[in-house]
Amino acid sequence: MSHPRSTGRELAQIAVFAGIIAVLGLVPAIAPFGNAVPITAQSLGIMLCGAILGARRGALAVLVFLALVALGLPLLAGGRGGLGVFAGPSVGYLIGYPIAAYLVGVMTEAAGRPYRLVPGIGINILGGVLALNVLGIIGMILRADLSPVAALVAAAPFVPGDLVKAVICAVVARGVHAAYPGLIRTRTREREDALV
């Protein structure tokens with residue numbers, strides 16, 4: 001199914017959520033045990049993009065954010081930016097950001113309405129924690145010359161915080177969807193629109 005041209009409202013939503021990811025970069029990053037990849041609050045923004053905007057707009061918001069980073073704006077946690085960050089050990093996470101937002105969005109859309117907390121948490125864990133960390137681990141193996149086991153150990157400190165972020169995202173998304181129930185297109189709504 002082809003998507004309609006983005007409206008001004010959609011473009012504003014994409015820009016706002018790209019800004020939310022950037023603002024979450026202001027929260028100080030933590031590098032436990034000298035880990036080459038810092039723990040940041042920005043993965044919460046990635047989950048929020050998918051859970052609130054849906055797959056397409058959520059992934060587009062993340063791509064806008066990454067484009068600004070590539071242009072040199074210091075929007076990543078710790079004031080990092082520029083093309084060099086895409087050659088570092090965190091490249092797997094950066095590449096995984098739009099993929100995670102898309103996966104969270106697809107699953108959120110498939111779950112339908114109303115947005116439910118427990119399925120939302122599960123969706124955030126699958127798309128925003130598991131998928132993102134798998135890609136991050138691959139990036140550390142390739143760019144930090146770590147063995148798979150060492151990369152897995154390096155990623156382990158991220159998991160407890162990521163699980164907390166998955167819960168926070170679901171709570172926020174439930175509130176937003178309760179206030180704006182038509183914010184994302186569910187599979188059911190798309191079928192109903194196709195029949196009209």
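This is a predicted model: local features need pLDDT of at least 70, side-chain atom pairs count only at pLDDT 80 or more; totals for chains, interfaces and linings use all residues.
**Entry 1: Thr40**

I began with Thr40, which is buried at a relative accessible area of 12%; buried means under 20%, exposed over 50%, and partly exposed in between, with a 1.4 Å probe and protein chains only. I placed Thr40 in the loop between α1 (8–24) and α2 (42–53). A polar atom of the Thr40 side chain lies 3.2 Å from the backbone nitrogen of Gln42. I took a polar contact as a pair of N or O atoms within 3.5 Å; within protein, one must be able to donate a hydrogen and the other to accept it, and residues adjacent in sequence count only if both atoms are side-chain atoms.

Residues are numbered from 1 along each chain as its sequence is written, and side-chain values use heavy atoms, with hydrogens and water left out.

**Entry 2: overall composition**

I counted 8 helices and 0 strands in the protein. Helices (H or I, at least four residues) and strands (E, at least two) are DSSP runs numbered from the N terminus. Of the 196 residues, 45% are buried.

**Entry 3: salt bridges**

I searched the whole structure for salt bridges and found 2, each being a side-chain nitrogen of Lys or Arg within 4 Å of a carboxyl oxygen of Asp or Glu. Arg56 pairs with Glu10, the closest N and O atoms being 3.1 Å apart. This pair links distant parts of the chain, with Arg56 in helix α3 (residues 55–70) and Glu10 in helix α1, 46 residues apart. Arg56 is partly exposed at 23% relative accessible area, whereas Glu10 is buried at 15%.

I then examined Asp162 and Lys165, whose side chains meet in a salt bridge at 3.2 Å, N to O. Both residues lie in helix α7 (residues 158–179), 3 residues apart, about one turn of the helix. An α-helix has 3.6 residues a turn, so residues three or four places apart point the same way. Asp162 and Lys165 are both buried.

I traced α5 over its 27 residues; the helix reaches 37 Å from first C-alpha to last, close to the 39 Å expected at 1.5 Å a residue. The expected span is 1.5 Å times one less than the number of residues. I found a bend of about 30° at Ile125, taken as the angle between axes fitted to the seven residues ending there and the seven starting there.

Leu126, Leu130, Val134, Ile138 and Leu142 form a nonpolar surface patch with about 470 Å² of accessible area together. Patches are made of residues with over 30% relative accessible area and no salt bridge, like charges being joined within 9 Å and nonpolar side chains (Val, Leu, Ile, Met, Phe, Trp, Tyr) within 5 Å. The areas come from the Shrake-Rupley method with a 1.4 Å probe; for residues, only the protein chains shown count as cover. Ile138 is in helix α5 (residues 117–143) and counts as partly exposed at 42% relative accessibility.

**Entry 4: loops on either side of α5**

I located Pro114 in the loop between α4 (91–111) and α5. A cis peptide bond joins Arg113 and Pro114, with omega about -5°. Gly182 and Arg113 are 69 residues apart in sequence and 9.0 Å apart in space, C-alpha to C-alpha.

Just after α5, Asp145 takes a positive phi of about 55°. Asp145 is exposed at 69% relative accessible area.
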